[in-house]
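Open the model in your viewer and keep the selection tool ready. We will go from stop to stop.

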Amino acid sequence: MSAPTHATAVATSNIALVKYWGKRDEALNLPTTGSISVTLDALTTRTTVAFDPALPADDIALDGHPAGTPRMARFLDLVRDLAGVRTYARVQSRNDFPTGAGLASSASGFAALALACDAALGLGLDAPALSALARRGSGSAARSLLGGFAEMQPGSAADGHDAYAVALAPPDALPLVMLIAVTAAGPKAVGSTEGMRRTETTSPYHPAWVESTRRDLGRMRDAIAARDLEQVGHLAETNALRMHANMLAAEPALFYWNAATVAAIQTVHALRAAGTGAWITIDAGPQVKVICAPIDAATVEKALRAGPGVEQVLSARPGPGARLVEGTA
Ligand code: 2P0
């Protein structure tokens with residue numbers, strides 16, 4: 001490779017409706033179960049990658065901070081192995097939302113990085129191979145390559161080639177709004193990889209979590225196909241609370257919530273008791289994501305904003321998958 005080659009990709013976060021919490025292989029980042037998510041039209045990462053023979057080492061910047069993360073550096077090694085090149089890269093990646101706070105920045109981040117690397121090196125990976133590559137960076141990133149509703153397949157092969165996400169339904173299949181009540185924008189206490197390992201090795205509830213999640217996948221697939229928002233919301237809330245029950249049963253317990261998290265959950269339950277269709281889901285952080293119909297979004301957003309400890313409320317709808325764009329990050 002003689003001339004530097006570069007590409008810029010944009011990807012958005014996704015929120016799991018049936019969660020991924022457990023790995024069958026940590027080195028290859030293979031999930032124990034499948035998961036189902038909706039890719040959002042907001043919470044965006046924009047990443048430019050340039051492979052440049054003049055570079056003496058990788059030069060990574062994440063949100064303007066030098067060095068990026070060790071995971072990003074390992075991911076570039078992986079991509080070089082795949083391409084059979086030794087050239088170092090300059091990476092500039094920017095999130096338009098808080099990084100590492102349970103807002104799935106690793107999902108949008110590694111989806112954008114995988115797509116930009118594929119284009120910059122001319123790898124020509126097909127959609128499954130690209131999703132499997134993004135998975136190596138972060139399990140949830142495999143889903144952000146796809147727009148709308150996506151399902152991560154856990155696969156069964158030891159090398160993970162069949163562990164990638166597939167499209168379930170386009171963004172407009174089921175109109176919904178995802179409101180994100182940010183209750184603490186700082187980085188989370190325990191990262192997902194460590195959190196999953198601890199849960200798997202110490203929670204007596206983990207086998208039950210795996211079993212119920214496998215059941216939830218079929219039910220969620222059916223609910224999305226039936227355009228049944230009430231059932232999607234109900235299943236998403238139940239699945240998320242079971243994931244947190246499993247996290248709480250770890251030793252030491254993984255307790256990602258704060259007082260404002262609990263208050264926001266109660267706000268949503270009060271809305272529902274009063275007849276407004278709204279359902280919560282929570283990831284590995286204190287933010288509360290609320291699913292509702294577009295017609296109810298203003299009511300739900302107002303109620304969340306009035307809650308104690310809510311710093312901001314972000315609003316998103318189902319959006320497109322990762323794509324290449326002109327310009328730089
Ligand atoms: C999810 N989460 O399905 C679940 C629910 C958090 C809770 O995927 O270790 O950053 O990089 O594969 O993808 C967050 O975990 O974990 C996540 P790794 P990732 O969205």
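**Stop 1**

On a 1 Å grid over the protein atoms alone, a cavity is a set of points where a 1.4 Å probe fits but cannot get out, and lining residues have an atom within 4 Å of a point. The space inside the largest cavity is about 40 Å³. Here a volume is the space filled by probe spheres set on the points, with points joined across faces, edges and corners. Now colour helix 8 (259–273) and helix 9 (297–305), the elements that each give two or more residues to this lining. Helix 8 has the largest share, 4 residues. Helices are DSSP runs of H or I with at least four residues, strands are runs of E with at least two, and both are numbered from the N terminus.

Before moving on, note what you are viewing. This is a predicted model: local features need pLDDT of at least 70, side-chain atom pairs count only at pLDDT 80 or more, and totals for chains, interfaces and linings use all residues. Residues are numbered from 1 along each chain as its sequence is written, and side-chain values use heavy atoms, leaving out hydrogens and water.

**Stop 2: one valine**

Select V290, in strand 12 (residues 288–292). Is V290 buried or exposed? It counts as buried because its relative accessibility is 0%; buried means under 20% relative accessible area, exposed over 50%, partly exposed in between (1.4 Å probe, protein chains only). Show its contacts (heavy atoms within 4.5 Å). Leaving aside residues up to four places away in sequence, V290 touches V177, M178, L179, V268, A278, W279, I280, V300 and L304.

**Stop 3: an open space**

Next, select K23, E26, A27, N29, R71, R74, F75, L78, R136, G137 and T193, which line the second largest pocket. A pocket is an open set of points with protein on both sides within 12 Å along at least five of seven lines. The second largest pocket has a volume of about 260 Å³. Helix 1 gives the most to its lining, 4 residues.

**Stop 4: two domains**

Finally, colour domain 1 (5–171) and domain 2 (177–316). Domain bounds come from an automatic or database domain assignment. How many residues of domain 1 are in contact with domain 2? There are 30, and they meet 46 residues of domain 2. The C-alpha centres of the two domains lie 23 Å apart.
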